Amino acid sequence: MSTVRFDPTALAVLAEAYPAAPVTFEHKLAAEGLLTRAALAELAEFLPADSVEYNLGDLPLGVDPDKVERPALSAAEVIRQIDRAGSWMALKRIEQHPDYAKLVDEVLGEVRDVVAPRTGAMERCEAFIFVSSPHAVTPLHFDPEHNLLLQIEGEKVMTMFPVTDEAIAPPRVHELFHLGAHHRNLAWRDEFQARGRAFALRPGQGLHVPVKAPHYVRNGAFPSISLSVTWRSEWSCAEADARALNHILRRAGLAPRSPQQYPARNLGKSLAYRAIRRAGVVPRP
Ligand SMILES: [Fe+2]
């Protein structure tokens, strides 16, 4: 029998919020076994180079991804020296390692009964580990996945913005993102700050981050390790299809309405876009 990572209260809290609202909940993953710094340094050496992203952690809230500098150390050295490396690191798709695949499977298996009835089958399940130095900043961005961010070591604050705030994430940015023509980082303006909600996380706490909710992260005074388990769903794929269709409509001179929020399913636009793709039309960014 596998270890239980979420008790019934945590699952009930998640069920109340998922998939539309951010919410914090308790979890039982700790900095032991596969989640110690030593184990993660070994994981960084195991993963292919394109699954290990790291850069200097002292970044402004809005940043051009092409202008981010890399530290001089190797990824494993950055993890071993994370107290003073001044860095931010993402170990991507950790399920490429069989031990971590088992862990991710177990974690996702515990939330499946919350997820599947609401947004359909979990697809493209992937997990990431973020290791960051004291005070490191992850700039403003959004992600296309459903995400549970589970804090393992240290503390961080994620400031999250409403999915529907089109000044922060304009419809055209969504559309270009789904066509592979826009990075997930978003432009920052100081006036956004008042529209955000800050979620402080300590070890043992998790945060549900809704699909496409813009957010930035500021690490606390000590090194931080977080595990992020993510998935796509029938619902999130339909939202992405609707964005791509909107791009085609916009190029045709129309002003399409943005996809609707859950529980609306955007099925009409999704089916239309899939038919267009099947006909061999690939939209140009
Ligand atoms: Fe993110």
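**Fold walk-through**

A: The chain has 7 helices and 11 strands. Helices (H or I, at least four residues) and strands (E, at least two) are DSSP runs, numbered from the N terminus. This is a predicted model: local features need pLDDT of at least 70, side-chain atom pairs count only at pLDDT 80 or more, and totals for chains, interfaces and linings use all residues. Residues are numbered from 1 along each chain as its sequence is written.

Q: What radius of gyration does the chain have, against a compact globule?
A: The chain has 19 Å, which agrees with the value near 19 Å for a compact globule of 285 residues. The radius is taken over C-alpha atoms, and the globule rule is 2.2 Å times the number of residues to the power 0.38. Along its principal axes, the C-alpha trace spans about 55 × 45 × 40 Å.

Q: Now the sheet. What is the strand order?
A: The order is β1-β9-β6-β11-β4-β3-β2. These 7 strands form an open sheet with antiparallel pairing. Two strands pair if DSSP finds at least two bridges between them.

Q: Which are the edge strands?
A: They are β1 (23–26) and β2 (52–56), and each pairs on one side only. Neighbouring strands of this sheet are turned by 20° against each other on average, direction ignored. Axes are lines fitted to C-alpha atoms, for helices over the stretch in contact, and angles run from 0 to 180 degrees between N-to-C directions.

Q: Which helix packs on the sheet?
A: Helix α1 (residues 8–17) does, touching β1 and β9 (205–209). Its direction makes about 165° with that of β1. Two residues are in contact if their C-beta atoms, placed from the backbone, lie within 7 Å.

Q: Back to the strands. How many bridges link β3 and β4?
A: β3 (residues 87–91) and β4 (residues 123–132) pair in the antiparallel sense over 4 bridges. In β4, Val 131 is the bridge partner of Met 89.

Q: Next, helices. At what angle do α6 and α7 pack?
A: Helix α6 (residues 234–251) and helix α7 (residues 267–278) pack at about 65°, with their axes 8 Å apart. They are therefore roughly perpendicular. Angles under 35 degrees count as roughly parallel, over 145 as roughly antiparallel, 65 to 115 as roughly perpendicular and the rest as oblique.

Q: Which residues make that contact?
A: From α6, they include Ala 238, Leu 245 and Ile 248. From α7, they include Leu 267, Tyr 273 and Ile 276. By class, the contact of α6 with α7 has 9 nonpolar, 1 polar and 3 charged residues. Ala, Val, Leu, Ile, Met, Phe, Trp, Tyr, Cys and Pro count as nonpolar, Asp, Glu, Lys and Arg as charged, and the others, Gly among them, as polar.

Q: And how do α5 and α6 cross?
A: The axes of α5 (residues 171–178) and α6 come within 8 Å and cross at roughly 105°. That makes α5 roughly perpendicular to α6. The contact residues include His 174 and Glu 175 of α5, with Arg 243 and His 247 of α6. By class, this contact has 3 nonpolar, 4 polar and 2 charged residues.

Q: What phi does Arg 124 have?
A: Arg 124 has a positive phi of about 45°, although it is not a glycine. Arg 124 is found in strand β4. Most residues other than glycine have a negative phi, and most peptide bonds are trans.
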